[in-house]
Structure formats: structure tokens, C-alpha cells
Amino acid sequence: MKFDRAILFYHKGSGDDDIDKKLNASLTNLCHLCQELVIYESKKRGDIKEKCKNLDNFDIVIILGGDGTVFELINGMYENNIDIPIAILPGGTFNDFSKTLNISEDLFEASNSFKDAEIERYDAMLLNNTAVLNFVALGLPVNIALNKDEENKQSLGILSYVKSFFENTSNPELFDYELEYDGKSSKGRCTMILVLNGKSIVNVKLDDSFQSPQDAKLNIYILKDSSFATIAEVFNAVKNDDLIDKDKLEYHEAKNIKIISPKDNKLDTDGELFLKSPADIKILENRFRFLTIKKNRA
């Protein structure tokens, strides 16, 4: 697979001293992927989204970064109606959607694997007017993210979330909710609402026998408590109704979802925390094209 003209986006955030090493690890392989490679360093949030207005002369976009950087890219592409392939080089804390694409965490291996990759289409979500690839969450995941060790996130990685995880799961915050999904409804009290499109969340790969971003449907998990057993059910993507304790966990599939209440609560969208409820979520079928590594090559 060879492209004529590629652009590589990356963001050098505060404390990310390794970004240049990450970039250098991939450049040799990327130069074999395309005839011409343009490298664009984002200085601040919004730069990548703005640059998406000028991608007419490129036939592939390469993004080095985590889920938040990818989030900015896909929204720039969505708003400008751009449909060219995307290659993800994982450079963040969780890199959930790159796991869905079977891309290695090692940047040399990841960039080297692109030459044998296949281009596949993937669904996304439209949350109000914002494109989301992997998940929308309300409640527990937001509280964990808000209380993580932000100061040491770059050095600690996933460990920066551990203390917050235990604090929030041991003393969960219950809230009243109401949502609609494909003409049906659910209401009650819960600790978390999770709408999932991808196959990985917080570095946990889910059962892909039914959890897929290529099936034109979204998966809804409503967590009624925060016990480890119930959270494990979510992570194991239990679908069999006979196995689910519905007093602890509700599961639904839908194309259109409305989170009616609570109102004015923060939403976690692929790790970003600037949107609030209520939420109108729709499936965007086959919206984006990504370089995908087949499992036997990963």
C-alpha cells in the first residue's frame, strides 16, 4: 500500500517530553508508506481541527497521539466532510480506538505494519453536533477522570487513574436517569451510563463477538452499582440476558439514544470532558476509514 501525499499530525503537550522520540521511531517506516510526507505540529487545542479545512491535496492522514488527539481530528474531518483514510500511531494513555484497529503500542511496529494494513470503514456516533468514535459516558467514568492524578499523568500513565478508581467505586454516586433508545425507554437510579461503539475501553479489550464498531448499532450499559463484579460484566460485555443481574446492570442495543436526564452533567466522550447532558446520540454508519491490522498480522 502506497500513498502519494500524507500529512502527519501530532501535539506536543506539556510534560510530554517523549513525543520527539515517538515521532522519530516511526518516520522511516512512514516514508515508505507515502511519496511525500508533511509533518504538522499542533501547538494548542483546536489547531488540528482548523487544519482539517485544508486537506484537499492529501490522500491519507496520520495521527500520532491518544484518544483526545484522535477525537479532535475526526471532528475536524466530520465538520469539513472529509473522507480520506486515517492511520493512528498510539501515543496517549489509553489509545482505545487504536486497539480496536489491532495497532501495536510500539510505534516502530505500528508504523511498519501499515504497509500490510487494509482500509476499512467504521461507524461513529454523533452526540448532539460532535462526532465520537469510541464511547460516551455519564457518572462513574466522569468522576474517575475528574479526580485522577493530573499532575503526574504523563509519568504515571494508567496508574494516575488508580487511586481515583478505588475512591469512586468504593463510594459511588447514584443519580436519577431517564433515557430513550429506538422508541423504548428506561429510567431509575444508576452510577453509570455507558454508550459504546468501539471494542476497547480504558485499555480493556472487549468481547468482539458482538461488540463491534462496524455493525451499525450502539451498545448501552446502565450500571446500577459499582461493584467489581458488575464492572467486570461490562468489561466482559455480557450479552446473554440469562446471565445479567438486571438489578445491577441493564444492557440494550440501539441506533438512536436520548439521555434525557440528568441535565447539565459532564459527559466523558473518548476521554474529553467538555460536553454536558442532555445528549442526543445517533449512529454514523461507515463514516470513517481507518488503516486496520488484521489479527494474524498484529
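Begin by selecting Leu73, Ile86, Ile88, Leu89, Phe114 and Phe290, which touch the most other members of the largest nonpolar core, a set of 47 residues. A nonpolar core here is a set of buried Ala, Val, Leu, Ile, Met, Phe, Trp, Tyr and Cys residues joined through side-chain atoms within 4.5 Å. Buried means under 20% relative accessible area, exposed over 50%, and partly exposed in between (1.4 Å probe, protein chains only). The model is predicted: local features need pLDDT of at least 70 and side-chain atom pairs count only at pLDDT 80 or more, whereas totals for chains, interfaces and linings use all residues. Residues are numbered from 1 along each chain as its sequence is written, and side-chain values use heavy atoms, with hydrogens and water left out.

Next, colour the elements that give two or more residues to this core, among them strand 1 (3–11), helix 3 (67–79), strand 4 (86–90) and strand 18 (279–292). Helices (H or I, at least four residues) and strands (E, at least two) are DSSP runs, numbered from the N terminus. Strand 1 gives the most to this core, with six residues.

Now centre the view on Leu73. Leaving aside residues up to four places away in sequence, Leu73 touches Phe9, Ile48, Cys52, Val61, Ile63 and Ile86, where contact means heavy atoms within 4.5 Å. Apart from this core lies another, of 24 residues, including Val132, Phe175, Tyr181 and Ile220.

Move on to strand 16 (residues 266–269), which pairs in the antiparallel sense with strand 7 (residues 135–139) over three bridges; two strands pair if DSSP finds at least two bridges between them. Strand 16 also pairs with strand 17 (residues 272–276), again antiparallel and over three bridges. Select Leu267: Leu267 is the bridge partner of Leu138 and also of Leu275 in strand 17. Strands 16 and 17 form a hairpin with two residues between them, and Asp270 in the turn has a positive phi of about 55 degrees.

Two cis peptide bonds come next. One runs from Ser261 to Pro262, with omega near 10 degrees, and Pro262 lies in the loop between strand 15 (256–261) and strand 16. The other runs from Ser277 to Pro278, with omega near 5 degrees; Pro278 is in the loop between strand 17 and strand 18.

Finish with two asparagines. Asn95, in the loop between strand 4 and helix 4 (96–100), has a positive phi near 55 degrees and is buried, with a relative accessible area of 3%. Asn286, in strand 18, has a positive phi of about 55 degrees but is partly exposed, at 39% relative accessibility.
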